[in-house]
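Hello,

Here is the structure I promised to pass on. Have a look at it first, and my notes on what I found follow below.

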Amino acid sequence: MNRNLHSFSISEAREGLKSGKFSSRELLKSCLDRIMQLDTKIHAFVSLNEKALDEADSVDINKPLGGIPIAIKDNFLTHNIRTTASSKVLDTYIPQYDSTVVKNLKNAGAVIIGKTNMDSWAHGSSTETSDYGPTLNPWNTRHLPGGSSGGSAAAVAADMCLAAIGSETAGSVRQPSAWCSVTGFKPTYGRVSRYGVIAMASSTDSPGPITKNVEDAALITGVIAGKDPFDATTSSQPVPNLLIPKKIKQTGLRIGLPKEYLEVLEPASRQVILNAAKKMEDLGHRIIEISLIHPKYSIGVYTIVQRSEVSSNLSRYDGIRYGNNRSFFNQEAKRRIMLGTFALSSGYYDHYYAKAQKVRTLIMRDFEKAFSRVDLIIDPPSPGPALKVGASLNAPMFGEMQDILVEPSSISGLPGISVPGGFIDQLPLGFGLIGPQFHEDRILEAALQYQSATNWHEQKPIL
Amino acid sequence: MDVRHIARLANLTLTDAESRKFTSQFSDTLSTIDVINELDTSDTPITYQVTGLTNCFREDKIDTGRILTQQAALSNSASIHNGYFMVSAIFE
């Protein structure tokens with residue numbers, strides 16, 4: 001059967017490129033045609049790289065990502081390609097340098113195909129707060145793609161690129177991946193450099209890949225991870241070999257199933273997660289029911305910490321050196337900046353910010369205790385499948401409520417994954433796993449096992 | 001919460017409609033996050049950095065690899081004069 005090149009995974013495309021079955025230009029052209037055909041409907045992209053075809057002609061296909069078209073969330077600085085974070089404040093901003101993630105991808109031979117839509121400044125979980133209009137879910141365009149990396153997840157799900165980069169502060173990689181039925185991986189905080197990423201909440205922001213399968217997520221993570229002298233919060237812990245062998249024989253992992261998290265799930269979603277847990281048991285692992293601090297407390301911690309850091313990070317935008325002035329901030333940004341300013345203001349700091357950071361310690365210790373009993377924990381990326389377009393409007397805490405199940409792991413800096421886990425009424429749902437800090441390899445291997453035993457990731461939306 | 005005062009601190013301008021809307025939304029948000037006060041943290045230290053890094057220094061040396069030329073630094077500004085950024089006058 002002749003498959004369209006844009007439908008290939010990275011590993012499939014690399015084989016084809018190396019054996020000369022097609023060129024990097026043909027591969028890129030196939031993705032660009034797909035974008036032309038579908039993006040008026042999906043609206044996954046904010047800008048395209050006009051020089052992409054020339055770049056595809058000159059790449060070395062023997063490099064780890066040689067000739068692979070990758071889409072980049074629009075909060076990563078890309079040299080000479082407009083970068084807006086989907087905010088009109090940055091409508092005219094042309095970066096003078098690359099973020100470290102983009103630099104590493106280019107050094108590995110990747111071709112940047114374009115910049116994907118997002119909640120403006122990454123403020124949200126719907127991609128509906130973008131100043132350039134919402135992205136729609138490829139599985140059903142009446143539904144949201146999730147967010148904030150919704151453009152990246154939709155672009156991968158609709159085969160407009162081979163893979164994409166997202167960033168997660170709490171759920172922004174895993175939740176849109178779950179809603180669009182693709183693989184989203186959030187590495188440990190500090191594993192991947194934030195240099196050149198437009199900051200949201202600096203103590204939790206974590207770049208990560210959104211891909212068509214677990215192998216591709218491992219490959220990209222291997223390329224972008226590591227100590228960066230330009231980001232003092234990156235870790236010098238060595239990056240383990242994430243290039244997973246085809247057959248994993250790992251068995252006997254102890255996998256925790258937190259009962260407080262199951263309570264939050266809608267009944268149909270709970271069944272999907274329980275089915276996935278059963279699958280892991282069939283693969284030779286042990287499911288152990290555990291108890292964690294209720295995730296509702298993480299909503300409070302995350303909201304305070306994130307708004308506070310937002311108010312500080314967004315104070316730099318004055319329209320003098322680049323972009324437009326502060327009157328261009330949309331309502332969501334104004335709300336977040338102001339609530340953060342309030343939480344940090346004299347007389348309220350101890351009650352909000354300091355208290356939240358202490359509860360953060362309690363949640364981290366709770367995970368440490370849990371990981372003394374289990375190797376991994378099941379962490380559903382979202383309480384249910386994709387909600388309808390319009391669901392986030394006039395809901396100032398929409399994102400925090402949608403991300404309730406991934407906020408505890410995010411504020412604790414833990415790595416986590418979402419892989420396609422099933423469908424409810426033709427809408428996809430993700431299965432998620434988290435692990436201790438810097439144990440990306442363990443999560444990826446277990447997720448690969450799950451993927452090998454299921455075919456959810458092979459199903460594609462009809463477009 | 002005095003929404004207008006907070007907006008001034010954050011250097012933001014609000015319309016009257018936004019002021020009214022935000023006042024009621026902020027009080028909802030603050031009551032939702034108040035749940036964290038149910039947990040006792042009297043003996044709990046603060047976490048600022050989750051992977052435990054402290055005092056990350058670098059050599060005090062100029063790294064030419066990350067310096068922009070004057071031309072590049074000015075390239076995004078709407079208003080420049082003789083190689084400088086132009087700003088509104090602060091003193092009359």
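L265(A) sits in the loop between α8 (259-264) and α9 (267-282) of chain A; helices here are DSSP runs of H or I with at least four residues, strands are E runs of at least two, and both are numbered from the N terminus. Setting aside neighbours within four places in sequence, L265(A) is in contact with R270(A), I273(A), P380(A) and P383(A), where contact means C-beta atoms, placed from the backbone, within 7 Å.

Some housekeeping: this is a predicted model, in which local features need pLDDT of at least 70 and side-chain atom pairs count only at pLDDT 80 or more, while totals for chains, interfaces and linings use all residues. Residues are numbered from 1 along each chain as its sequence is written, and chains are lettered from A and ligands numbered from 1 in the order in which they are written.

Now for the two chains. Their contact takes 49 residues from chain A and 39 residues from chain B. On the chain B side, α1 (3-9) and α2 (16-33) each supply at least two residues, and the largest share, seven residues, comes from α2(B). By class, that side of chain B has 22 nonpolar, 14 polar and three charged residues (Ala, Val, Leu, Ile, Met, Phe, Trp, Tyr, Cys and Pro count as nonpolar, Asp, Glu, Lys and Arg as charged, and the others, Gly among them, as polar).

How do α10(A) and α2(B) pack, and at what angle? Helix α10 (residues 296-313) of chain A meets α2(B) at about 130 degrees, with the axes 8 Å apart. The pair is therefore oblique (under 35 degrees is roughly parallel, over 145 roughly antiparallel, 65 to 115 roughly perpendicular, and the rest oblique). Axes are lines fitted to C-alpha atoms, for helices over the stretch in contact, and angles run from 0 to 180 degrees between N-to-C directions. I299(A), G300(A), T303(A) and I304(A) face T29(B), T32(B) and I33(B) there.

Finally, the buried residues of α12(A) (350-370) include Y352(A), I363(A) and F367(A), and their cover includes α10, α11 (331-343) and α14 (407-411) of chain A.

Best wishes

Notes: Two residues are in contact if their C-beta atoms, placed from the backbone, lie within 7 Å. The expected span of a helix is 1.5 Å times one less than its number of residues. A residue is buried if 20 or more other C-beta atoms lie within 10 Å of its own, exposed if 12 or fewer, and partly exposed in between; C-beta atoms are placed from the backbone.
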